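Please open the model in your viewer and keep the selection tool at hand. The stops below say what to select next and what is to be found there.

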There are 4 protein chains.
Amino acid sequence: MTPPRRPHPGNRRDENARLDVLHAADDLLVEHGFKALTIEAIARRAGVAKQTIYRWWPSKVDILLDTLIEDSEKRFPVPLPDANVTAAVVRDYLRAFSRFLVDDLAGKVLLALMAEAQHDPATAASLRERYLDPRRAQERDMLSRGVETGEFTPRLDADSAMDVIAGTLLYRASTGSGIPDTLLDTLIEDVLKPAPNM
Amino acid sequence: MTPPRRPHPGNRRDENARLDVLHAADDLLVEHGFKALTIEAIARRAGVAKQTIYRWWPSKVDILLDTLIEDSEKRFPVPLPDANVTAAVVRDYLRAFSRFLVDDLAGKVLLALMAEAQHDPATAASLRERYLDPRRAQERDMLSRGVETGEFTPRLDADSAMDVIAGTLLYRASTGSGIPDTLLDTLIEDVLKPAPNM
Amino acid sequence: MTPPRRPHPGNRRDENARLDVLHAADDLLVEHGFKALTIEAIARRAGVAKQTIYRWWPSKVDILLDTLIEDSEKRFPVPLPDANVTAAVVRDYLRAFSRFLVDDLAGKVLLALMAEAQHDPATAASLRERYLDPRRAQERDMLSRGVETGEFTPRLDADSAMDVIAGTLLYRASTGSGIPDTLLDTLIEDVLKPAPNM
Amino acid sequence: MTPPRRPHPGNRRDENARLDVLHAADDLLVEHGFKALTIEAIARRAGVAKQTIYRWWPSKVDILLDTLIEDSEKRFPVPLPDANVTAAVVRDYLRAFSRFLVDDLAGKVLLALMAEAQHDPATAASLRERYLDPRRAQERDMLSRGVETGEFTPRLDADSAMDVIAGTLLYRASTGSGIPDTLLDTLIEDVLKPAPNM
DNA sequence: AATTAATCGAGACGGTACGTCTTGTCTTCCG
DNA sequence: CGGAAGACAAGACGTACCGTCTCGATTAATT
């Protein structure tokens with residue numbers, strides 16, 4: 001009588017449901033903003049029962065984190081640990097990051113999560129553990145190697161330097177100001193102080 | 001029947017009610033976070049009717065903005081337009097700003113509003129118009145005068161330079177990392193490039 | 001600058017305000033029903049301050065009672081105590097009452113107050129004291145004199161007989177069934193049993 | 001966290017909640033009157049969420065109607081269509097109705113709904129469709145059969161006769177006058193005119 | 001004439017209830 | 001057992017009235 005909405009794969013986790021939820025959350029965030037991103041709305045849009053969401057994700061923040069981690073890795077991977085860290089490599093990485101924040105719809109997810117982290121300690125913890133800290137470790141490593149090879153001579157430690165750069169880019173992106181190449185280049189010059197033979 | 005709990009000032013706005021709401025909102029934000037900052041909770045805590053809040057504030061964000069504007073002016077006023085802008089003046093101003101963000105409970109209001117602005121365009125507009133833009137205009141003016149007198153020789157325009165500094169400080173504060181004086185000093189050195197006779 | 005809204009008669013009660021309130025209440029009841037008859041709506045419509053209403057009337061029910069008493073006296077006065085009570089006199093009185101209930105907008109006020117009396121004991125008391133009891137006393141007297149002169153030979157006492165007649169008419173009016181003359185005539189015949197030489 | 005106060009039967013309607021609401025509404029009406037019968041109060045008393053009430057009942061009137069219909073059927077059922085309609089049967093039915101109105105707490109529900117119907121057309125429609133019309137149809141049938149068998153010889157049609165009787169009884173009950181047996185008996189005599197061999 | 005006293009329109013106030021929405025939990029039934 | 005469906009208790013949303021109050025103006029009667 002009732003048409004089967006979706007083939008149930010039995011007692012294994014339904015990969016279709018998982019993807020539907022991820023996409024629904026992403027779409028809702030982009031289309032209607034974080035305020036409209038309720039569990040009910042996601043379930044409605046994904047054609048999924050609320051319980052299915054609660055079963056697999058502790059909160060809507062974790063849904064976004066899942067998509068953010070996947071997308072970040074695709075859009076602006078940190079250069080591999082064994083790569084040669086030249087000034088150009090770092091600049092390209094930061095440009096990719098800037099484009100992710102400003103032009104990429106997936107970048108909105110990061111901005112939204114950064115904001116939500118300010119409102120909710122649990123989000124702050126998840127975001128830090130699953131996203132910020134791992135990436136920062138890679139970035140710190142990248143910069144450190146650049147410093148070791150004399151490519152950069154920053155006055156700040158690698159972590160603080162990354163805070164200056166990331167903080168500036170996030171601030172510009174979050175206020176909708178955009179990030180011109182000249183701004184980023186000057187920032188790299190002033191903070192990282194690359195060797196003149198760049 | 002019910003004893004009057006507070007003298008009604010008639011058909012003029014009740015200053016007591018206004019202050020009670022402001023303080024209640026502030027306290028709730030600090031004690032229980034932005035998530036607990038509901039109109040109902042503010043009304044309950046302030047001993048005020050919900051309608052009194054809706055009558056005078058379009059949203060809870062505007063309540064926070066009212067407290068933020070007052071507190072900012074008290075805690076870290078921008079140096080007056082006719083003041084002599086030395087490197088020390090700028091450094092002191094930025095230190096006051098840093099302390100506001102890190103140590104002052106009122107600083108949490110700014111961080112919360114920055115976050116909420118990311119979630120809600122209306123908040124973004126209010127925050128920009130009533131707080132960020134006016135202060136930025138003063139700060140830009142401050143820096144520009146310092147540049148004119150040769151006190152600073154930044155490679156960036158005054159606005160971008162302020163974005164770097166503010167973005168960095170806000171990022172550090174929002175992640176709970178703290179803002180050591182050495183970080184701020186180096187940031188000033190690298191970005192604003194003060195004259196050596198500082 | 002501001003045009004004077006209404007000439008104040010000074011420290012005497014403003015008769016215009018009184019009439020405006022009465023008419024506003026009446027109009028609102030007829031146009032939008034009892035549910036829309038709020039003090040705020042009356043004040044709004046009458047162009048009067050709420051306090052002016054609360055100063056002179058204990059409740060909105062008393063406003064309606066004021067209009068009801070005036071209108072009833074005009075539309076269907078009880079025959080004077082010294083009048084000769086013939087069957088025709090009684091029938092004419094009851095027909096006037098029926099018309100008041102069914103056709104007259106003022107009759108809606110009585111139906112509304114009867115209903116409200118069921119919901120609110122204070123209304124029941126006011127309605128009884130200021131309206132029902134005085135009229136019933138006159139009606140009882142009217143019937144009693146008709147019985148004394150042999151015009152009627154009811155099996156019930158005057159009060160119960162009036163309850164049957166009034167109850168029936170109010171029920172028909174309140175259900176919107178209307179009150180045909182034949183129904184009223186038969187009711188008089190069966191209950192009051194007038195002398196055959198009517 | 002919160003211990004389950006009641007076993008959840010899942011996605012089927014919770015019969016316990018339904019009964020709790022019905023009883024809470026009934027109790028509140030009897031104890032504090034119609035004015036205190038708010039959805040919030042019912043929910044509070046029943047230990048039920050407001051949404052649960054709004055999910056199943058369009059308005060508080062429909063809650064009362066549910067209880068009224070059940071109680072009426074129990075307390076004073078109309079004699080079955082195939083029963084022999086003697087004067088005694090009709091008198092007993094009307095006495096049960098009178099007792100329901102005067103002595104039974106459930107009778108207050110009918111009086112309250114009759115009153116509310118006067119204030120609110122939607123209530124009038126519901127009350128008529130779900131209660132008054134069905135019962136009246138049965139009563140009309142009862143009387144008609146009594147007339148056909150010569151048990152009664154009323155001057156009025158069955159419907160009008162019932163209006164006289166019901167109107168009188170409701171009026172007496174609503175004014176708190178009570179309904180003595182002699183009043184009811186005389187009313188039956190005068191209006192229905194039963195055959196003398198009663 | 002100056003003062004006093006009451007009325008008036010206006011509207012702020014602390015409350016309560018409205019009907020809607022979302023939360024996270026729980027239960028049923030189907031595949 | 002996973003998943004769709006959806007009932008449930010809880011509680012916030014923003015609005016409408018309640019009845020009380022205070023304001024500043026206006027006007028009549030009393031100094």
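Select helix H7 of chain A in this predicted model: the buried residues of H7(A) pack against helix H4 (60–75), helix H5 (87–102), helix H6 (105–119), helix H8 (158–174) and helix H9 (181–192) of chain A, together with H8 of chain B. Helices here are DSSP runs of H or I with at least four residues, numbered from the N terminus, and buried means under 20% relative accessible area, with exposed over 50% and partly exposed in between (1.4 Å probe, protein chains only). Among the buried residues of H7(A) are A:Thr123, A:Ser126, A:Leu127, A:Tyr131, A:Arg135 and A:Arg136, and the list also includes A:Glu139, A:Met142, A:Leu143, A:Arg145 and A:Gly146. Colour residues 121–148 of chain A and look at A:Arg128, where helix H7 bends by about 50°; the bend is the angle between axes fitted to the seven residues ending at a residue and the seven starting there. After H7(A) comes A:Gly150, whose phi is positive, near 80°.

A note on conventions belongs here: residues are numbered from 1 along each chain as its sequence is written, and chains are lettered from A and ligands numbered from 1 in the order in which they are written. Because the model is predicted, local features need pLDDT of at least 70 and side-chain atom pairs count only at pLDDT 80 or more, whereas totals for chains, interfaces and linings use all residues, and side-chain values use heavy atoms, with hydrogens and water left out.

Next, select B:Thr168, which lies in helix H8 of chain B. B:Thr168 is buried, with a relative accessible area of 0%, and, not counting residues up to four places away in sequence, B:Thr168 touches A:Asp163, A:Val164, A:Gly167, A:Thr168, B:Asp163 and B:Leu187, where contact means heavy atoms within 4.5 Å.

Stay in chain B and show helix H6 (residues 105–119) with helix H8 (residues 158–174): their axes come within 11 Å and cross at roughly 100°. H6(B) and H8(B) are therefore roughly perpendicular to each other, a term used for angles of 65 to 115 degrees. The contact is made by B:Leu110, B:Leu111 and B:Met114 of H6(B) and by B:Leu170, B:Ala173 and B:Ser174 of H8(B).

Now display chains A and B together. Chain B can be laid on chain A with an RMSD of 0.2 Å by a turn of 180° and a shift of 0.1 Å along the axis, the superposition being by least squares on the C-alpha atoms of residues with pLDDT of at least 70 in both copies. The two copies are thus related as by a two-fold rotation axis, and in chain B the C-alpha nearest the axis is that of B:Ala115, 2.1 Å from it. Since 100% of the interface residues of chain B are also interface residues in chain A, the copies meet through the same surface.

Move on to chains C and D, where a rotation of 180° with 0.0 Å of shift along its axis superposes chain D on chain C (RMSD 0.1 Å). Chain B and chain C do not touch, their nearest C-alpha atoms being 13 Å apart.

For the last stop, select D:Asp62, in helix H4 (residues 60–75) of chain D. Is D:Asp62 buried or exposed? D:Asp62 is buried, with a relative accessible area of 11%, and, leaving aside neighbours within four places in sequence, D:Asp62 is in contact with D:Trp57, D:Ser126 and D:Arg130.

Notes
Axes are lines fitted to C-alpha atoms, for helices over the stretch in contact, and angles run from 0 to 180 degrees between N-to-C directions. Helices (H or I, at least four residues) and strands (E, at least two) are DSSP runs, numbered from the N terminus. Angles under 35 degrees count as roughly parallel, over 145 as roughly antiparallel, 65 to 115 as roughly perpendicular and the rest as oblique.
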